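Student: I am new to this structure. Can we go through it in short questions and answers?

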Amino acid sequence: MDKNFYSRLKEILPADQIKEEEPMRLHTTFRVGGPARLFVTPKTAEELQGIIACCREAQVPYYIIGNGSNLLVSDQGYEGVVIQIFKEMNEIRIEGEEIVAQAGALLSTVAARAAEASLTGFEFAAGIPGTLGGACVMNAGAYGGEMKDVLTEVQALTREGEVLTIPKDELKLGYRTSVIAKKGYIVLEAKLRLEKGQETDIRARMEDLKNRRVTKQPLEYPSAGSTFKRPEGYFAGKLIQDAGLGGFQVGGAQVSEKHCGFVINKDQATAADIAELIRQVQAKVKEDSGVDLEPEVKRLGEF
């Protein structure tokens, strides 16, 4: 990455939106990860388009993150540009029974705004620790609800820099996947259609789901949420528990004793600790039950 590239980037973004050697542990919910060579925070779609074009032209690798809630960054970091779409692009507006929100809006914030407007249907997302953009990419879901239940369209940026408006029936939303994920698009904003409800009922439902999470999930430790995708016909946490791995530890990383579907940063874990723990869990479950566990957590950097 030469000085010319950095100079071109400064023509697109103000200097305070560009950081060098930024520790990724500050930007992932696992609280691990080495430095990103450059870390940028665009405020507009135009800035984002400019960054992508600059990276493509200079053949510099880039990676998009939101809240870093489903991501494991290597201890060596990332020799490219990490583009964070989060607090600088998080506007939310209510239009009747629709919510239009930018990709960086937290799901919890969107859910809170929906409740304020007495709109029901998004309660399931209130406790998911990610952004709307990431939720659209992976069709995030919890407690019987999924993004596909409420999404009507997504505005996205293609690898070539074209802005597309993709209606729901073209998003190909499946279990933890979408056309956005498959084609490497970047979500700019999304439109949700909800229904009118009673604010007291909506808040009661959100409170009930929150209590269930607090009781059953290890929210007191850094993690990336559910570590593995749900294998067809099984529950990952049950398979891991049945394999006798509750509390199993590699370095500072541990299979949560509270919920075996979660790998947690128990005590100053490294990314290598977490990666090795995931590998050993996969191997033991395969040996024990014959089921292949597929990680839900994305990896960035060298492992």
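Student: How much space lies in the second largest pocket?
Tutor: Bear in mind that the model is predicted. Rolling a probe the size of a water molecule over the atoms shows where empty space is left. For the second largest pocket, that space comes to about 200 Å³.

Student: Which class of residue, nonpolar, polar or charged, has five members in the lining of the second largest pocket?
Tutor: The lining includes Asp16, Lys19, Lys43, Lys87 and Glu88. Asp, Glu, Lys and Arg count as charged. Two lining residues are nonpolar and three are polar. The class with five is charged.

Student: How do H3 and H6 run relative to each other, roughly parallel or roughly antiparallel?
Tutor: Helix H3 covers residues 107–116, and helix H6 covers residues 199–216. Their axes lie 8 Å apart, at an angle of about 150°. Angles over 145 degrees count as roughly antiparallel. H3 and H6 are therefore roughly antiparallel.

Student: Which residues in H6 meet H3?
Tutor: On the H3 side, the contact is made by Ala111, Ala112, Ala115 and Glu116. The residues of this contact divide into five nonpolar, no polar and three charged. On the H6 side they are Glu199, Ile202, Arg203 and Met206.

Student: Is cysteine 136 buried or exposed?
Tutor: Cysteine 136 sits in helix H4, residues 132–138. Its relative accessible area is 0%. Buried means under 20%, so cysteine 136 is buried.

Student: What separates the C-alpha atoms of cysteine 136 and leucine 151?
Tutor: Leaving out residues up to four places away in sequence, cysteine 136 touches Met147, Leu151, Val154, Leu173, Ser178, Ile180, Val187 and Ala190. Along the chain, cysteine 136 and leucine 151 are 15 residues apart. Their C-alpha atoms are separated by 8.2 Å.

Student: What is phi of glutamate 21 near?
Tutor: Most residues other than glycine have a negative phi. Glutamate 21, in strand E1 (residues 18–23), has a positive value. Its phi is near 50°.

Student: Is glutamate 21 counted as exposed, partly exposed or buried?
Tutor: Its relative accessibility is 40%. Exposed means over 50%, and buried means under 20%. Glutamate 21 therefore counts as partly exposed.

Student: Where is glutamine 59 found, and is glutamine 59 buried or exposed?
Tutor: Phi of glutamine 59 is also positive, near 55°. Glutamine 59 is found in the loop between helix H2 (45–58) and strand E3 (62–65). Its relative accessible area is 72%. Exposed means over 50%, so glutamine 59 is exposed.

Notes
Residues are numbered from 1 along each chain as its sequence is written. This is a predicted model: local features need pLDDT of at least 70, side-chain atom pairs count only at pLDDT 80 or more; totals for chains, interfaces and linings use all residues. Side-chain values use heavy atoms; hydrogens and water are left out. Helices (H or I, at least four residues) and strands (E, at least two) are DSSP runs, numbered from the N terminus. Buried means under 20% relative accessible area, exposed over 50%, partly exposed in between (1.4 Å probe, protein chains only). On a 1 Å grid over the protein atoms alone, a cavity is a set of points where a 1.4 Å probe fits but cannot get out, and a pocket is an open set with protein on both sides within 12 Å along at least five of seven lines; lining residues have an atom within 4 Å of a point. Grid points are joined across faces, edges and corners, and a volume is the space filled by probe spheres set on the points. Axes are lines fitted to C-alpha atoms, for helices over the stretch in contact, and angles run from 0 to 180 degrees between N-to-C directions. Angles under 35 degrees count as roughly parallel, over 145 as roughly antiparallel, 65 to 115 as roughly perpendicular and the rest as oblique. Contact means heavy atoms within 4.5 Å.
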